[in-house]
Amino acid sequence: MRSPLADKVLTIKPSGIRKFFDIVTEMDDVISLSVGEPDFDTPWHIRDEGIYSLEKGRTFYTSNAGLKELKEEIALYLKRKQGVEYHPQDEIFVTVGGSEAIDVAMRAMLNPGEEVLIPQPSFVSYEPCAILAGGVPVIIDLKPENEFRLTAQDLEMSITDKTKVVVLPFPNNPTGAIMEQKDLEEIADVIIKNDLFVISDEIYSELTYKEKHVSIVEIPGMQERTVLINGFSKAYAMTGWRLGYACAPKEITTQMLKIHQFAIMCAPTTSQYAAVEALRNGDDDVLEMKEAYNQRRRFLMHAFQEMGLECFEPFGAFYAFPCIREFGMTSDEFATKFLKEEKVAIVPGTAFGDCGEGFLRISYASSMENLKIAMERLSNFVARLRKGNG
């Protein structure tokens, strides 16, 4: 009997993040710093709005593109935060998380064989989504000496006559790297010169600790070339609500919406009503959570310094990306051994691309209590390895 499966699906590897998550579920008393999920509850006033929408019987489909009032609030938010204007009617639509927006953008923009430039280490979905869309992922290895930023030179060197789309995954998961205004201006020059398009994943835009987040759509000439993706999971602690959005020129959103229409219909209605409340009244909640993450971030950097573990300072998201090359182990070996011996789950850097070898992703979206225990265990583990008793 011939295989019922598509070849391109068989070539895609399962997520390296979920591998460790699944191991943790089979163990007792494990501190997990492996999943990128806020440890905060969704703020009560946001939950309350979702509950109220159910009490009022608002359990119907919304329009395919999402609630009119939510799209209007997204437009106001982007005007307030990034100083850019999108038309709510035909340049914004609501998705089932940022992940759906990535998938739909790839499928709407790529013809078979066209290349997508993907800086790595980065979120696990970009490469498989490109493949499933019929595109060809081309990896740009980000370098620790550049603080894992994408440079204009590295971008230029990766462009061919088949290149169409550049993914900009900043603030970055897993490294915590950010792109500043000057970085984006240099990147934009290369993109415009080569007539390329951008998928800018800005799901962590609210979580920056050095300076205010800058979007590439703020650079002249780039809004018309960019699909801006964002959502509610990280900033508002709404991971389970599964809600994101995409903003782009009408020419692009019309085709993205067509795919969304047939594959999804619409995003969850209850979540959309809650998201309206989040955008209208959630700024203080975001600031409170951001301050807590920043405190944890500084604690981790101090802990790494104390144990002599090399780690560049991350200024975005809620991840640190320490280097463990000195121990002569692969990232997977280190993470597996650390989990078994110390009962702390972290993610090998290779889950985010081959150039993540020699690094670990540690999420600080966990309580300070857990982080203190985990860092004490990591310090003990590192000390044993250095003594050769690991």
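Mentor: Helices here are DSSP runs of H or I with at least four residues, strands are runs of E with at least two, and both are numbered from the N terminus. The model is predicted, so local features need pLDDT of at least 70, side-chain atom pairs count only at pLDDT 80 or more, and totals for chains, interfaces and linings use all residues. Residues are numbered from 1 along each chain as its sequence is written, and side-chain values use heavy atoms, with hydrogens and water left out.

Trainee: Thanks! Which peptide bonds are cis?
Mentor: One of them runs from Q120 to P121, with omega near 10 degrees. P121 sits in the loop between strand 3 (115-120) and helix 6 (126-132). Another cis bond joins F170 to P171, where omega is near -10 degrees. P171 belongs to the loop that links strand 5 (163-168) with helix 8 (181-193).

Trainee: OK, backbone angles next. What is phi of R242?
Mentor: It is near 50 degrees, a positive value in a residue other than glycine. You'll find R242 in the loop between strand 7 (226-231) and strand 8 (244-247).

Trainee: And where does A317 lie?
Mentor: In the loop between helix 11 (283-306) and strand 9 (319-320). A317 is also a non-glycine residue with positive phi, near 60 degrees.

Trainee: Is A317 buried or exposed?
Mentor: Buried, at 0% relative accessibility. The cut-offs are under 20% relative accessible area for buried, over 50% for exposed and partly exposed in between, using a 1.4 Å probe and protein chains only. R242, with 31%, is partly exposed.

Trainee: Zooming out, how many helices and strands are there in the chain?
Mentor: There are 13 helices and 12 strands.

Trainee: What radius of gyration does the chain have?
Mentor: It has 21 Å, which agrees with the value near 21 Å for a compact globule of 390 residues. That radius is taken over C-alpha atoms, and the globule rule is 2.2 Å times the number of residues to the power 0.38. Along its principal axes, the C-alpha trace spans about 65 × 55 × 55 Å.

Trainee: What share of the residues is buried?
Mentor: Buried residues account for 56% of the 390.
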